[in-house]
Amino acid sequence: MACLLLRMIAPADIPAGLGSAEAIREGDRFPRKAFRPRNSRNLSRKRRRWSLRSPHADSKYASLRFDPESGMNLPLVSSLLTSTAGEVAVSAEQKVYNVVLKQAALVKQQPRSSTALDVKPDTVIPGSVGLLKEAYDRCGEVCAEYAKTFYLGTLLMTPERRRAIWAIYVWCRRTDELVDGPNASQITPTALDRWESRLDDVFAGRPYDMLDAALSDTVSKYPVDIQPFRDMIEGMRMDLKKSRYKNFDELYLYCYYVAGTVGLMSVPVMGIAPESKATTESVYGAALALGLANQLTNILRDVGEDARRGRIYLPQDELAQAGLSDEDIFGGKVTEKWRSFMKNQIRRARMFFQQAEAGVTELNRASRWPVWASLQLYRQILDEIEANDYNNFTKRAYVSKAKKLLALPVAYGKSLISPSSLSQSSLAKT
């Protein structure tokens, strides 16, 4: 659910000391024994692989669309894709939903508890405690420097959960840096393959460096599955080879890869409130919705910046329906057509924020504040785009420090609200 983890600042600002690019080229190993996580025997379980790549290139988008006139919601799970040959393929939303179900099943195996820490018991390896503390402390320093608002929220968590979220945050930043950081021009598909292989080692209890060690320890203690991490790397692969998205189904999958995955990584650590009556699937669905909302907001905020890099993260078919083309995006002129198009895109993003709200309340009480802060601050970016008269070509929408400070107590107040009873999953198929 902690989807503020991703892209809170420009990825280019990430310090070279994180060493992602260098590590996947050179190895940069630390002694394995020193960083072997506790309970590493639990990591030998079989890890599933699910392909979430876009379906047939020639498929016709047959999912239900968001209707801006009636305000009808685009279902979180759409129907099917029908190829030109009459074959039926599963839509992106359905594929992602299948991943959500599998992730939720892992957490369901862990009984909800009111104890301060719901993790596996420690089996301490001599000499490892000090090194792991140093690794987690470094993750906390990175989080404090580059995600200040979120970092403040993590301080309300139990120390164990706080450190685990820091470790996940740092891995996400390092992964994002591969294609958006200062060394992005040197990154190739082969380099991403190496990064994924390195991820396998992390989950197997063989970290390469100090920062990997913190994540390796985290995934050995919480029911965190490797699939969302793999999927985020797949999103980086898409950024290397894809600069257009022909419809929202394709864009949905991309948003899941690069941001929705963060929620799936974080829920097992954040924890679900023991008094919650919500289904585990609904909480995961809300976490996914927040990730999608945040990434759609990123896209709408950065239209001009992305266009200068030759990229357009907007559904091509919806642009055409609005009477717009790539040339209009590169030209960067705000017209009535553009305003109308943007209103519809913002409405869709707000719909996902609304879907996310119910799930935040169901999280463990100590984990809610940073998530509420993420939701409120990111949603305000949409307000700023409107305040700029939809000029996201030359004006960057941002939330002022004053508004951020005002949002924090509001988010804290919302975090005190007790979980409500959800009778059915917010991901229920229609």
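1. Tyr 245 and Tyr 313 are both buried in this model, which is a predicted one. Their rings form a stacked aromatic pair, with 5.8 Å centre to centre and 25° between the planes. Tyr 245 sits in the loop between helix 8 (227–241) and helix 9, and Tyr 313 in the loop between helix 11 (303–308) and helix 12 (316–321), so the pair ties together parts 68 residues apart in sequence.

2. Tyr 313 also pairs with Tyr 254. The ring centres are 5.3 Å apart and the planes meet at 25°, so Tyr 254 and Tyr 313 are stacked. Tyr 254 belongs to helix 9, and 59 residues separate it from Tyr 313. Tyr 254 is buried, as is Tyr 313. Across the whole structure, the search finds 13 aromatic pairs.

3. The largest nonpolar core has 112 residues. Trp 171, Leu 251, Leu 314, Ile 329, Trp 338 and Phe 352 have the most contacts inside it. Helix 9 (residues 248–270) gives the largest share of this core, 16 residues.

4. Trp 171 deserves a look. Leaving out residues up to four places away in sequence, Trp 171 touches Trp 195, Leu 199, Leu 215, Phe 229, Met 232, Ile 233 and Met 265. An aromatic cluster is formed by Trp 171, Trp 195, Phe 203 and Phe 229.

5. Two charges sit over rings. Arg 163 places its charged end over Tyr 136, 5.9 Å from the ring centre. Lys 414 lies over the face of Trp 372, and here the distance to the ring centre is 5.2 Å.

6. The structure holds 29 salt bridges. One of them joins Asp 193 and Arg 237, with the closest N and O atoms 3.0 Å apart. Asp 193 is in helix 6 (residues 189–203) and Arg 237 in helix 8, 44 residues apart. Asp 193 is partly exposed at 41% relative accessibility, whereas Arg 237 is buried at 13%.

7. Asp 389 and Arg 339 meet in a salt bridge at 2.8 Å, N to O. Asp 389 is in the loop between helix 15 (368–387) and helix 16 (401–415), and Arg 339 is in helix 14 (residues 336–361), 50 residues apart. Asp 389 is partly exposed at 38%; Arg 339 is buried at 17%.

8. Glu 384 and Lys 403 form a salt bridge at 2.7 Å, N to O. Glu 384 lies in helix 15 and Lys 403 in helix 16, so the pair ties together parts 19 residues apart in sequence. Glu 384 counts as buried at 15% relative accessibility. Lys 403, at 37%, counts as partly exposed.

Methods: Residues are numbered from 1 along each chain as its sequence is written. This is a predicted model: local features need pLDDT of at least 70, side-chain atom pairs count only at pLDDT 80 or more; totals for chains, interfaces and linings use all residues. Side-chain values use heavy atoms; hydrogens and water are left out. A nonpolar core is a set of buried Ala, Val, Leu, Ile, Met, Phe, Trp, Tyr and Cys residues joined through side-chain atoms within 4.5 Å. Buried means under 20% relative accessible area, exposed over 50%, partly exposed in between (1.4 Å probe, protein chains only). Helices (H or I, at least four residues) and strands (E, at least two) are DSSP runs, numbered from the N terminus. Contact means heavy atoms within 4.5 Å. Rings of Phe, Tyr and Trp (its six-membered ring) pair if their centres lie within 6.5 Å; planes under 30 degrees apart count as stacked, over 60 as edge-to-face and the rest as tilted. A charge sits over a ring if NZ of Lys or CZ of Arg is within 6 Å of the ring centre and within 35 degrees of the ring normal. A salt bridge is a side-chain nitrogen of Lys or Arg within 4 Å of a carboxyl oxygen of Asp or Glu.
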